[in-house]
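Thanks for coming. I will take a few minutes on one structure, and the topic is how its two parts meet. Please have it on the screen.

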Amino acid sequence: MAIPKLTYFDIRGRGEPIRLAFVVGGIEFIDERLSFAQFQEQKESFPFGTAPMVEIDGIVIGQSIPALNYVGRQAGIYPENDPKTAVKIEEIQAYIYDVNTQIGQTMRESDPDKKMEIRTQLAVKYLPAAFGRIEAILAKNGTGYCVGESLTTADLLLVALAHWIESGILDGIPKTILSEFEMVQKCKSLVYSHPKIKEWYEK
Ligand SMILES: N[C@@H](CCC(=O)N[C@@H](CS)C(=O)NCC(=O)O)C(=O)O
C-alpha cells in the first residue's frame with residue numbers, strides 16, 4: 001500500500017491537526033506543502049477545490065475533518081467502535097469549525113475598517129462566549145481533554161484554533177484573548193507535551 005500523503009500549504013492551518021494525527025500514530029506520511037501559486041495551478045485536482053487533501057488506503061479525502069478522523073482512527077485517537085464517543089468528538093469539532101468560519105470570513109473582508117470592526121466584535125463578544133462554552137465542556141469532562149481520558153482528534157483541532165488566535169496574526173483580535181480560559185490552556189499543554197508532538201515541534 002502506498003504511503004499516505006497529505007497535501008496542504010506550508011502553514012499549520014487546517015492541515016496541522018492531520019499532520020499531528022499521523023505523528024501521534026507513528027504513521028509514515030508524505031507531508032506535501034504547496035505554495036499558493038502551486039495550489040492555484042492544481043486546484044481543480046482537489047476534490048472540492050480546496051486543501052487539505054489526504055490520499056490514503058486508495059481513497060482521496062478532500063475535507064479536513066473527515067480526513068483528520070480517518071487518520072485519527074488509525075492513530076488510535078478516534079474511536080473505532082464507540083459511536084457515542086465519536087459523536088461527542090465530532091460535536092466539538094463541528095463547533096470549532098463554526099468558530100473557525102467566523103474568523104475565516106474576516107480574512108475575505110477587503111475594507112480594512114470593516115474588517116477591524118467585525119474582528120473587534122468577535123474579540124469582545126463572540127470569541128469569549130464561544131471559548132466559554134468550550135471551557136465548560138472541558139471542565140465538565142474534567143480530564144484536561146475534550147472527550148474522555150486521553151487525547152482525541154477533537155483536542156488536535158482545538159489546539160490548532162487556539163494557535164491561530166494566539167499567533168497574533170489576526171489584527172484586531174488580541175493574541176492574549178484565550179489566556180483566561182484555564183481549561184483550554186491545560187488542554188493545549190497536554191497536547192504539546194505529548195512525546196511525539198513535542199518531538200515534531202522540536203524538529
Ligand atoms: N471545508 C473545507 C475547507 C477547506 C478550505 O477552505 N481550505 C482553504 C485553505 S485553509 C483553501 O483551500 N483555500 C484556497 C481556495 O479556496 O482557493 C475543509 O475543511 O477541508
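Let me start with the contact itself: twelve residues of domain 1 are in contact with ten residues of domain 2. Keep in mind that this is a predicted model.

For orientation, domain 1 covers residues 5-75, and domain 2 covers residues 83-193. Their centres, taken over C-alpha atoms, lie 21 Å apart.

Now, how much area is buried between domain 1 and domain 2? The figure is about 980 Å². Carbon and sulfur atoms give 67% of that area. On the side of domain 1, the residues that lose the most area to domain 2 are R12, R14 and I65. Together these three account for 42% of what that side buries.

Which elements of domain 1 give two or more residues to the side that touches domain 2? They are helix 1, residues 16-25, and helix 3, residues 64-75. Helix 3 provides the largest share, with five residues.

As for residue types, the side of domain 1 that touches domain 2 has six nonpolar residues, four polar ones and two charged ones.

Note on methods: Residues numbered from 1 in each chain as written. Predicted model: local features only at pLDDT ≥ 70, side-chain atom pairs only at ≥ 80, totals over all residues. Heavy atoms only, no water. Domains from an automatic or database assignment. Contact = heavy atoms within 4.5 Å. Buried area = accessible area lost by both parts, 1.4 Å probe. Helix = DSSP H or I, 4+ residues; strand = E, 2+ residues; numbered from the N terminus. Nonpolar A, V, L, I, M, F, W, Y, C, P; charged D, E, K, R; others polar.
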